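Please look over the sequence and the structure below before reading on. The report then goes through confidence, a surface patch and the strands.

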Amino acid sequence: MAARRLLIVMLVLLGLSTLAAALVPQHSLRGGTTTSQVTTTQPTTTTALPPAGRSLSVEIVVGGKKVPVVAGPLCKARKPRCEPLHVGDQLSLEVLSKKHGELEIPAFGLIGVASANSPAFFQLLPREPATIGVLFTTPRRVAARIEVLSAEASAKAIEKPKGKKKKKAAKKG
């Protein structure tokens, strides 16, 4: 009998607390206030939008004597505007390892496990120019590097030096 009464009281309290939680405004739970909102107008300024990015896929093999570098032109087929990896590009990185190991990209907080038959997959969206390291966790050493350029540096990298190619063609012909 006492157990039934206790169970009924507990169910009533549960119902009341659920009702109270449903009635409390969500913004007050997030630390906001219930004061009215004041809007002000500010002069508009034009800011540079991030460059339109591409979706790129790259496959690398790590664990050898050379450290692979994911850098410039990443197009599978040579295209007229095949640019290096730059800010705003989404990079799908598939990493195979000659030895089974755990890989980490500390700049993005990503960890994956790779072997010769089972790659680690990483999805990266760099927001600033940098050199990003892909590291083996044990022993802690560099497995690969990813070089991200600014849009301006990327555009300069694809410009062909016109004078040098003409001179070479003149010597051959």
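The protein chain averages a pLDDT of 76, and 66% of its residues score at least 70. Over residues 161-173 the pLDDT stays under 50, and for this stretch the model has zero contacts beyond four places in sequence. Where pLDDT is low, the predicted coordinates should not be read in detail.

On the surface, I8, V9, V12, L13 and L16 form a nonpolar patch, and together these residues have about 470 Å² of accessible area. One of them, V12, lies in helix α1, which covers residues 2-23. V12 counts as partly exposed because its relative accessibility is 47%.

Turning to the strands, five of them make an open sheet in the order β2-β8-β7-β4-β5, with mixed pairing. Its edge strands are β2 (69-70) and β5 (110-114), each of which pairs on one side only. Within β8, R145 is the bridge partner of V69.

Strand β3 (residues 90-97) is largely enclosed by the rest of the structure, because six of its eight residues are buried. In β3, E94 stands opposite E59, while in β6 the bridge partner of E94 is F121. The table lists how some of the strands pair.

| Strands | Direction | Bridges |
|---|---|---|
| β2 and β8 (residues 141-148) | parallel | two bridges |
| β1 (residues 55-62) and β3 | parallel | eight bridges |
| β3 and β6 (residues 120-124) | antiparallel | five bridges |

Technical notes: Residues are numbered from 1 along each chain as its sequence is written. This is a predicted model: local features need pLDDT of at least 70, side-chain atom pairs count only at pLDDT 80 or more; totals for chains, interfaces and linings use all residues. Side-chain values use heavy atoms; hydrogens and water are left out. pLDDT is the predictor's confidence in each residue, from 0 to 100. Contact means heavy atoms within 4.5 Å. Patches are made of residues with over 30% relative accessible area and no salt bridge: like charges are joined within 9 Å, nonpolar side chains (Val, Leu, Ile, Met, Phe, Trp, Tyr) within 5 Å. Accessible areas come from the Shrake-Rupley method with a 1.4 Å probe; for residues, only the protein chains shown count as cover. A salt bridge is a side-chain nitrogen of Lys or Arg within 4 Å of a carboxyl oxygen of Asp or Glu. Helices (H or I, at least four residues) and strands (E, at least two) are DSSP runs, numbered from the N terminus. Buried means under 20% relative accessible area, exposed over 50%, partly exposed in between (1.4 Å probe, protein chains only). Two strands pair if DSSP finds at least two bridges between them.
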